[in-house]
Amino acid sequence: MNETSSGAIPAIELRSATKRFRTPSGGIYTAMRELGMTVAPGEFCAVVGPTGCGKSTTLSLISGLEPASEGRTLIHGQPVEGIDPRVGFMFQTDAVFPWKSVLDNVAAGPIFRGTGKKEAVAKARDWLRRVGLSGFEDRLPHQLSGGMRKRVALAQTLINEPEILLMDEPFSALDVQTRQIVQDELLALWELTRPAVVFVTHDLEEAIALADKVVVLTVGPATVKDTFRIDLPRPRKVQEIRFHPRFVELYEQIWNSLRDEVQLAYARTAGTTPEPAPADAEPSGATR
Ligand SMILES: Nc1ncnc2c1ncn2[C@@H]1O[C@H](COP(=O)(O)OP(=O)(O)OP(=O)(O)O)[C@@H](O)[C@H]1O
């Protein structure tokens with residue numbers, strides 16, 4: 001079994017994971033090839049890569065939403081077999097019941113998991129306080145600003161105390177100032193319970209400001225190109241850490257790794273470079 005640098009069993013491990021999808025025309029498309037990565041318990045890992053390279057597919061495998069076609073996905077050393085209650089998600093679009101109040105939305109997770117209503121509501125109030133939304137319990141989601149809705153989403157996810165938190169561009173729809181505020185809130189909340197995080201983003205600054213480690217994926221089929229340790233001090237304020245000299249160094253190093261992949265992806269969509277090698281168009285039936 002693979003171990004992290006601290007010797008502990010990883011919270012998350014993709015071991016030589018390959019993922020093929022069937023395309024609408026009946027062909028097979030390899031989205032990920034022999035991808036290997038680990039995330040230690042309590043580690044914040046950001047994943048960056050060019051558009052369409054397979055970042056969300058990485059999360060689908062870890063979450064159990066999709067099985068690997070080959071290779072393995074492990075959580076705390078155990079193979080992933082379907083959706084795991086220890087895993088929490090946060091996506092670009094909010095998963096709320098639009099007709100339910102903010103309080104009921106946040107309490108819904110624990111109730112679904114078997115907590116009594118009274119206890120779940122008390123817990124939801126507590127989480128709304130932690131995300132700075134006391135006084136807004138009775139609002140409907142559409143009566144909140146975008147930043148407030150993200151805080152509801154954070155409370156909704158973290159109330160279940162996930163050991164693993166998967167985030168797919170959760171803040172990309174926010175304006176820059178609100179985004180920075182919510183990023184700081186995420187870091188403060190993450191420090192409370194320290195789940196292992198996989199945070200997918202297109203924004204390299206966001207990745208460096210938040211993470212302990214940044215994984216750069218290649219243009220599809222995705223595999224790990226480079227992994228960078230982010231040795232910036234914590235606790236961090238995202239607005240301030242960007243001015244740290246080490247931040248600038250890291251940005252340059254990681255961008256040097258990412259740039260070629262971004263250019264290759266762009267050239268592919270612009271039609272100036274061929275699509276992935278024929279080896280990636282495998283006989284039908286090879287997928288799962
Ligand atoms: N269910 C599916 N069926 C067929 N192809 C798929 C499926 N899901 C993803 N793909 C393909 O796999 C590749 C990787 O998709 P994925 O969504 O993981 O990329 P991404 O890096 O998250 O994209 P983006 O940067 O645009 O968010 C894409 O070419 C996509 O079209």
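This is a walk through the model, one selection at a time.

Before you click, note that this is a predicted model: local features need pLDDT of at least 70, side-chain atom pairs count only at pLDDT 80 or more, and totals for chains, interfaces and linings use all residues. Residue numbers start from 1 along each chain as its sequence is written.

**Stop 1: the two domains**

Colour 1–86 + 164–249 as domain 1 and 96–161 as domain 2; these bounds come from an automatic or database domain assignment. Their centres, taken over C-alpha atoms, are 25 Å apart. Where they meet, 13 residues of domain 1 are in contact with 11 residues of domain 2. Contact here means that the C-beta atoms of two residues, placed from the backbone, lie within 7 Å.

Now select 176–193, which is helix H5: it gives the most to the side of domain 1 that touches domain 2, with seven residues. Helices (H or I, at least four residues) and strands (E, at least two) are DSSP runs, numbered from the N terminus. That side of domain 1 is made of 10 nonpolar residues, two polar and one charged. The classes go like this: Ala, Val, Leu, Ile, Met, Phe, Trp, Tyr, Cys and Pro are nonpolar, Asp, Glu, Lys and Arg are charged, and the others, Gly among them, are polar.

UniProt, in an unreviewed entry, places "domain: ABC transporter" at residues 12–244. UniProt positions follow the numbering used here, feature names are shortened, and annotations may be inferred rather than shown by experiment. Select that stretch and you have 33% helix and 26% strand, with the end C-alpha atoms 30 Å apart.

**Stop 2: the nonpolar core**

Which residues touch the most other members of the largest nonpolar core? Pick Cys-45, Val-106, Val-198, Phe-199, Ala-211 and Val-214, out of 69 residues in that core. Domain 1 and domain 2 both give residues to this core, so it lies between them. A nonpolar core is a set of buried Ala, Val, Leu, Ile, Met, Phe, Trp, Tyr and Cys residues joined through C-beta atoms within 7 Å. Buried means 20 or more other C-beta atoms within 10 Å of a residue's own, exposed means 12 or fewer, and partly exposed is in between, with C-beta atoms placed from the backbone.

Zoom in on Ala-211: leaving out residues up to four places away in sequence, Ala-211 touches Phe-44, Cys-45, Ala-46, Phe-199 and Ile-230.

Next, show helix H2 (102–112). Its buried residues include Val-102, Leu-103, Val-106 and Pro-110, and the buried residues of H2 pack against helix H3 (117–130) and H4. Just after H2, Gly-114 has a positive phi of about 105°.

**Stop 3: around the ligand**

Show the 13 residues around the ligand; Phe-21, Ala-31, Lys-55, Ser-56 and Thr-57 come nearest. A residue counts as near if its C-beta atom, placed from the backbone, lies within 6 Å of the molecule. Strand S2 (28–39) and helix H1 (55–63) each supply at least two residues of this shell, and the largest share, three residues, comes from H1. By class, the shell has four nonpolar, eight polar and one charged residues.

**Stop 4**

Most residues other than glycine have a negative phi, and most peptide bonds are trans. Here are some exceptions to click on.

- Gly-220 to Pro-221: the peptide bond is cis, with omega near 0°. Pro-221 sits in the loop between strand S9 (213–217) and strand S10 (224–229).
- Arg-234 to Pro-235: another cis peptide bond, with omega about -5°. Pro-235 is in the loop between S10 and helix H7 (238–241).
- His-76: not a glycine, yet phi is positive at about 50°. Find His-76 in the loop between strand S4 (70–75) and strand S5 (78–79); with 16 other C-beta atoms within 10 Å, His-76 is partly exposed.
- Glu-161: phi is positive here too, at about 45°. Glu-161 is in the loop between helix H4 (146–158) and strand S7 (164–168), and is partly exposed, with 13 other C-beta atoms within 10 Å.

**Stop 5**

Finish on Ala-265, in helix H8 (residues 245–270). Ala-265 counts as partly exposed, with 19 C-beta neighbours inside 10 Å. Beyond its neighbours within four places in sequence, Ala-265 is in contact with Pro-50, Thr-51, Gly-52, Cys-53 and Val-219.
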